[in-house]
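The sequence and the model come before the text.

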Amino acid sequence: MAKYKIIHIKKDCISCSACAAVNPEFWFMDNEGMAHLKGSKEVSGNWELIINTEEARATNQEAVDVCPVQIIKIVPVSK
């Protein structure tokens with residue numbers, strides 16, 4: 001089973017809420033009006049979450065695609 005890492009470069013978020021609109025299962029707007037990836041942890045200034053299903057990758061790809069500033073990335077996790 002493939003694993004992926006979602007990387008959110010939160011410092012560059014413009015609070016458009018597009019990610020939360022298309023994928024509320026994984027994304028929400030926090031108290032400061034910034035997008036937040038549910039269950040993510042801060043790693044080197046970015047927020048990261050490991051996912052391990054193709055369904056989770058596909059739904060988060062929608063968030064990647066709608067982000068106007070392209071601050072959401074999905075990368076494979078090497079074994």
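## Terms and model

Two strands pair if DSSP finds at least two bridges between them. Helices (H or I, at least four residues) and strands (E, at least two) are DSSP runs, numbered from the N terminus.

The model is predicted: local features need pLDDT of at least 70, side-chain atom pairs count only at pLDDT 80 or more, and totals for chains, interfaces and linings use all residues. Residues are numbered from 1 along each chain as its sequence is written, and side-chain values use heavy atoms, with hydrogens and water left out.

## Overall fold

Two helices and six strands make up the secondary structure of the chain. Their order along the sequence is β-α-β-β-β-β-α-β.

The radius of gyration, taken over C-alpha atoms, is 12 Å. This agrees with the value near 12 Å for a compact globule of 79 residues, where the globule rule is 2.2 Å times the number of residues to the power 0.38. Along the principal axes, the C-alpha atoms fill a box of roughly 35 × 25 × 20 Å.

## Burial, contacts and surface

Of the 79 residues, 38% count as buried; buried means under 20% relative accessible area, exposed over 50%, and partly exposed in between (1.4 Å probe, protein chains only). Contact means heavy atoms within 4.5 Å. Among contacts in the chain with a separation of 6 or more, 60% come from residues 24 or more positions apart.

The accessible surface, from the Shrake-Rupley method with a 1.4 Å probe, comes to about 4800 Å², and 53% of this belongs to carbon and sulfur atoms.

S1 pairs with strand S5 (residues 46-51) in the antiparallel sense over five bridges. On this side, His 8 has Trp 47 of S5 as its bridge partner. S1 is also joined to strand S6 (residues 72-76) by five bridges, and these two strands run antiparallel. Here Ile 6 has Ile 74 of S6 as its bridge partner.

## Asp 30

Asp 30 lies in the loop between strand S2 (27-29) and strand S3 (35-37). With a relative accessible area of 18%, Asp 30 is buried. Leaving out residues up to four places away in sequence, Asp 30 touches Lys 10 and His 36.
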